[in-house]
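Keep the structure at hand while you read.

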Amino acid sequence: MLLTLLKLFWMFFKIGLFTFGGGYAMIPLIKDELVGGGYISADVLINFIGISESTPGPVAVNMATFIGMSQFQDVSIGASLLGAFATTLGVVLPSFIIILLIASLGSKFLQSKVVNHAFLGLKPVVIGLIISVSIALIIHAVLPNIDLKQLNLDLSGFNFKGLIILIIVGAVTMFYKKMSPVKIILFSAILGMLIYGLLPW
Amino acid sequence: MKKQHNLLDLFTTFLKIGALTFGGGYAMMPIMRKEVVEKKQWADDDDILKILVISESTPGVLAVNSATFIGYKIAGFKGSLVATLGVIIPSFVIISLISVFIIQFQQLTWVAYAFKGIQAGVAILIFKAALKLSKKIHFDLFAIIILVCSLLYALFSEFSVIYALLVGAILGIIYGFLIHVKEAKADATHTS
């Protein structure tokens, strides 16, 4: 268990260290490390994102705590809390150390040309990564058997209800641009219950 | 005496900020500003702006960046520790509680339906976040090529996205350097 705790800590330390641009930018990294490493399933990750968006607190910390808690849920609550402690500490520590260094040593190096130039390349990468997650999620909601990484274009299992929900949520959020994330999550939850629960097919 | 008081005050203020923000990051800034600049006058708008600039050019969690920065300004290392703990604890407590119950809840059919709906909501939210971020960069040919490459890389490759970030940073440095050289040359011919 100690080894797993250290692994979880290290994974989230890396995630914290390579997240540029806030909570959403963290999702591709989490997907890579944790879904790729078999720690959580893609579906569970999406559920966690939904809950993390609709509960108070920084999304990054919410997600780290959630994933840490989920790792030892079969052992005991105490073990789960240890897991959550490891992941949360991991995700927070890089920020803490870096800002502490800047606050005590000054931020001059941030004005250096090299840092500025690096962001010319980093920013479009981050945006590309975030778009890739949303595309993967949209494909997953409508055609769950497609696996782009294996170049597997299996069109069976087409989910018509998933498509309907996507179109409605997409249209509503395009119309009400200022709708908060919490409201979008609540709205889509209600829509999910109505469409999956009440439609006969 | 005063310092003790300050630490407790710092802790409870950031506890409040952590408990009241939904979405974190930029959603947190108005509440943070109200508490830290207007009510407590621990920092001014310049500091808030500075935090945003620093956060944009360093990795990590914006909420933690802000708490660490302001905490350090008020009471040094202890201050940064106390403020950071404050902003994290509400998340930690709330999510720990939820996650204990969620496993049982997920088995309920209607909750499962709700989560199926939420998956669509999350996909749309992330897409909107990407659009919002993309307004903050200048799209020249270089940026567009990098964006498309990183998008395809993340969709189709099994390698870590960390490599994409590293390569992006290196290419950015090279590109920035080339622009710099070109501008210097143009300047030189202009003046001669």
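A contact here means heavy atoms within 4.5 Å. By that rule, and leaving out residues up to four places away in sequence, A:Asn152 touches A:Asn145, A:Ile146 and A:Asp147. This is a predicted model, in which local features need pLDDT of at least 70, side-chain atom pairs count only at pLDDT 80 or more, and totals for chains, interfaces and linings use all residues. Residues are numbered from 1 along each chain as its sequence is written, and side-chain values use heavy atoms, with hydrogens and water left out.

A:Asn152 sits in the loop between helix H6 (113–142) and helix H7 (160–175) of chain A; helices are DSSP runs (H or I, at least four residues), numbered from the N terminus. A:Asn152 counts as partly exposed because its relative accessibility is 33% (buried means under 20% relative accessible area, exposed over 50%, partly exposed in between, with a 1.4 Å probe and protein chains only).

Now to chain B, summarised here.

| Property of chain B | Value |
|---|---|
| Box filled by the C-alpha atoms, along the principal axes | roughly 65 × 55 × 25 Å |
| Buried share of the 192 residues | 47% |
| Share joining residues at least 24 apart, among contacts between residues at least 6 apart in sequence | 49% |

Read along the sequence, chain B follows the pattern α-α-α-α-α-α-α.

Notes. Chains are lettered from A and ligands numbered from 1 in the order in which they are written. Helices (H or I, at least four residues) and strands (E, at least two) are DSSP runs, numbered from the N terminus.
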